[in-house]
Amino acid sequence: MSNDENARIVWDSMISHGLSPNQAAGICGNGSQESGFRIDATAPSTGAYGIFQWLGARKDGLFNATGDGGDIHAQIAYFWHEVENDPFEKAQFEKFLNHPDQSIEGYTYAFRKYCERPSESEAMDNNRISEAHRYYGMFSGSEGEVPSSSQEPAAVADTLDWSN
């Protein structure tokens with residue numbers, strides 16, 4: 001699957017969960033910067049893994065739930081599991097959702113600050129914002145260059161082990 005196809009799957013999941021196109025774009029801009037939407041992306045310096053570069057206990061949770069890090073659908077399902085069930089991640093996601101600057105730039109910054117949390121030296125906000133605008137242009141209400149995804153991560157969530 002191409003990176004833009006994976007981005008489309010992320011976009012569709014965000015929209016289907018009620019996020020605005022600006023919020024979905026902000027998340028996609030961050031996913032592009034973090035991993036290029038490669039499900040097996042691994043940061044050489046930290047070992048962070050996956051489309052949203054899970055690290056530490058969060059990475060352990062991803063692998064415990066999926067067994068092997070999962071495909072794009074499993075990783076998105078794990079993202080939703082985190083922001084709906086982990087009190088800290090839920091609070092951080094709420095800060096993103098309620099960010100006062102509702103522009104693409106504002107949501108891109110907020111997702112980076114509250115949900116991704118890289119060091120400031122690794123933030124590269126200009127690239128995140130540029131990518132967010134690119135995905136907004138591709139997917140927001142017009143005929144995107146990449147067709148809608150056919151499998152919703154929610155269907156995959158039923159197959160994962162959330163007990164760990």
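**Arg128 and its partners**

Author: Setting aside residues up to four places away in sequence, Arg128 touches Gly29, Asn30, Gln33, Glu34, Thr108, Arg112, Glu116, Pro118, Glu122 and Ala123; touching, or contact, means heavy atoms within 4.5 Å. Please keep in mind that this is a predicted model, in which local features need pLDDT of at least 70 and side-chain atom pairs count only at pLDDT 80 or more, while totals for chains, interfaces and linings use all residues. Residues are numbered from 1 along each chain as its sequence is written, and side-chain values use heavy atoms, with hydrogens and water left out.

Reader: Where does Arg128 lie, and why is Arg128 called buried or exposed?

Author: Arg128 lies in helix H7, residues 125-139. Helices (H or I, at least four residues) are DSSP runs numbered from the N terminus, as are strands (E, at least two). Buried means under 20% relative accessible area, exposed over 50%, and partly exposed in between, with a 1.4 Å probe and protein chains only. Arg128 has a relative accessible area of 1%, so Arg128 counts as buried.

Reader: What makes the pair of Glu34 and Arg128 a salt bridge?

Author: A salt bridge is a side-chain nitrogen of Lys or Arg within 4 Å of a carboxyl oxygen of Asp or Glu. For Glu34 and Arg128 the N to O distance is 2.7 Å, so the pair qualifies. Glu34 lies in helix H2 and Arg128 in helix H7, so this pair ties together parts 94 residues apart in sequence. In general, side chains of opposite charge can pair when their charged atoms come close.

Reader: How many salt bridges does the structure hold?

Author: The structure holds nine. One of them joins the side chains of Glu89 and Arg58, at 3.3 Å from N to O. This pair links distant parts of the chain, with Glu89 in helix H5 and Arg58 in helix H3, 31 residues apart. Glu89 is buried at 6% relative accessible area, whereas Arg58 is partly exposed at 22%. Arg58, Glu82, Glu89 and Arg117 are linked in a network of salt bridges.

Reader: What makes the pair of Asp125 and Arg112 a salt bridge?

Author: The side chains of Asp125 and Arg112 meet at 2.8 Å, N to O. Asp125 is in helix H7 and Arg112 in helix H6, so the pair ties together parts 13 residues apart in sequence. Arg112 counts as buried at 2%, while Asp125, at 22%, is partly exposed. Beyond its neighbours within four places, Asp125 contacts Tyr109 and Arg112.

Reader: Which residues of the largest nonpolar core touch the most other members?

Author: Val10, Ile27, Phe79, Phe93 and Phe96 do, out of 35 residues. H1 (3-16), H2 (21-35), H3 (56-66), H4 (72-85), H5 (87-97), H6 (104-116) and H7 each supply at least two residues of this core. A nonpolar core is a set of buried Ala, Val, Leu, Ile, Met, Phe, Trp, Tyr and Cys residues joined through side-chain atoms within 4.5 Å. Among the contacts of Ile27 are Val10, Phe93 and Phe96.

Reader: How do you know where the buried residues of H5 sit around the axis?

Author: These residues are Glu89, Gln92, Phe93 and Phe96. They cover an arc of only 100° around the axis, which puts them on the same side of H5; the arc is that of the directions from the helix axis to the C-beta atoms. What covers them includes H2, H3, H4 and H6.

Reader: What makes the phi of Phe37 worth a look?

Author: Phe37 has a positive phi of about 65° although it is not a glycine. Most residues other than glycine have a negative phi. Phe37 is found in the loop between H2 and H3, and Phe37 is buried, with a relative accessible area of 0%.
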